[in-house]
Amino acid sequence: MIRAALPLFATAALLAACQRSTETPAAPAEPTATPAAASAATAGKADPKAVWSRGVGALGAHTPFTVEAVQAAFPDAKIEKAFLHAGGAPVPIITAFMDGTTALELQGGPDGKVSRILVQGGGFHGPQGETLLQKWPDAKFTPADCRMGEGRQVNAVVCKRAPTDPIEYVFGVPGWTSVDMPPADVLAAKAQLNEFVWTRP
């Protein structure tokens with residue numbers, strides 16, 4: 001009797017093992033967005049006055065260069081299309097007026113998307129809380145972060161947080177007309193932030 005039971009026991013064990021091996025493994029958990037990624041994805045919508053790496057508020061590299069697209073991002077602003085005359089062929093621009101003053105100037109690329117945004121007013125702020133008219137010492141730059149401006153930025157000091165940063169910080173230095181960088185004491189005494197410039201990477 002004992003010898004006859006052994007094969008039956010072995011067969012039952014083998015069937016149980018086969019049954020376990022054909023069970024569907026549990027699906028891996030769905031990956032969830034990190035807090036940083038979620039914050040980056042919603043930053044433009046959450047704070048329309050933010051100048052950040054992807055653009056200005058909800059405006060960025062994928063925004064059509066149209067009055068309608070800019071108006072949708074800033075429904076309370078007055079949006080106008082115009083032309084910039086700076087030598088050579090006129091350059092089409094879109095301007096946003098807020099509180100009666102020029103706040104944004106947008107330029108477009110050959111693909112019909114926004115390529116550059118100049119922030120000149122309107123209560124906008126930079127990624128580290130920088131604000132227009134902020135004094136040089138409060139913005140935490142050093143002369144090594146900066147260069148002298150050219151063209152429309154002549155006599156201004158243009159700075160970046162990093163060489164690949166798409167945001168430029170344009171400081172005016174009243175009375176400074178040299179092509180050389182002002183010394184640190186002049187920057188500390190006179191320089192103030194007059195403009196953010198975001199350029200599509």
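## Exercise 1: salt bridges

Lys 78 and Glu 80 form a salt bridge, with their closest N and O atoms 3.2 Å apart. Keep in mind that this is a predicted model.

Task: work out which parts of the chain the salt bridge between Arg 152 and Glu 105 links.

Solution: 
- Start with the pair: the side chains of Arg 152 and Glu 105 meet at 2.9 Å, N to O.
- Now place them: Arg 152 sits in the loop between strand S8 (146-148) and strand S9 (157-159), while Glu 105 is in strand S6 (residues 101-108), 47 residues apart.
- Check Glu 105: its relative accessible area is 7%, so it is buried, as the cut-off is under 20%.
- Arg 152 comes out at 48%, so it counts as partly exposed.

## Exercise 2: around His 125

Task: find where His 125 lies and which residue its side chain joins in a polar contact of 2.7 Å.

Solution: 
- His 125 belongs to the loop between strand S7 (114-119) and helix H4 (136-139).
- The partner is Asp 47, side chain to side chain.
- Leaving aside neighbours within four places in sequence, His 125 also touches other residues, including Val 51 and Glu 130.
- Val 51 is 74 residues away in sequence, yet 5.9 Å away in space, C-alpha to C-alpha.

## Exercise 3: a pocket

Task: say how many charged residues line the second largest pocket.

Solution: 
- Look at the lining, which includes Arg 116, Arg 152 and Glu 195.
- Sort it by class: 3 nonpolar, 2 polar and 6 charged residues.
- The space inside is about 160 Å³.

How values were computed. Residues numbered from 1 in each chain as written. Predicted model: local features only at pLDDT ≥ 70, side-chain atom pairs only at ≥ 80, totals over all residues. Heavy atoms only, no water. 1 Å grid on protein atoms, 1.4 Å probe; cavity = no way out; pocket = protein on both sides within 12 Å on 5 of 7 lines; lining within 4 Å. Points joined across faces, edges and corners; volume = space filled by probe spheres on them. Nonpolar A, V, L, I, M, F, W, Y, C, P; charged D, E, K, R; others polar. Helix = DSSP H or I, 4+ residues; strand = E, 2+ residues; numbered from the N terminus. Contact = heavy atoms within 4.5 Å. Polar contact = N/O pair within 3.5 Å; in protein donor to acceptor, adjacent residues only side chain to side chain. Salt bridge = Lys/Arg side-chain N within 4 Å of Asp/Glu carboxyl O. Buried < 20%, exposed > 50% of the residue type's maximum accessible area, 1.4 Å probe, protein only.
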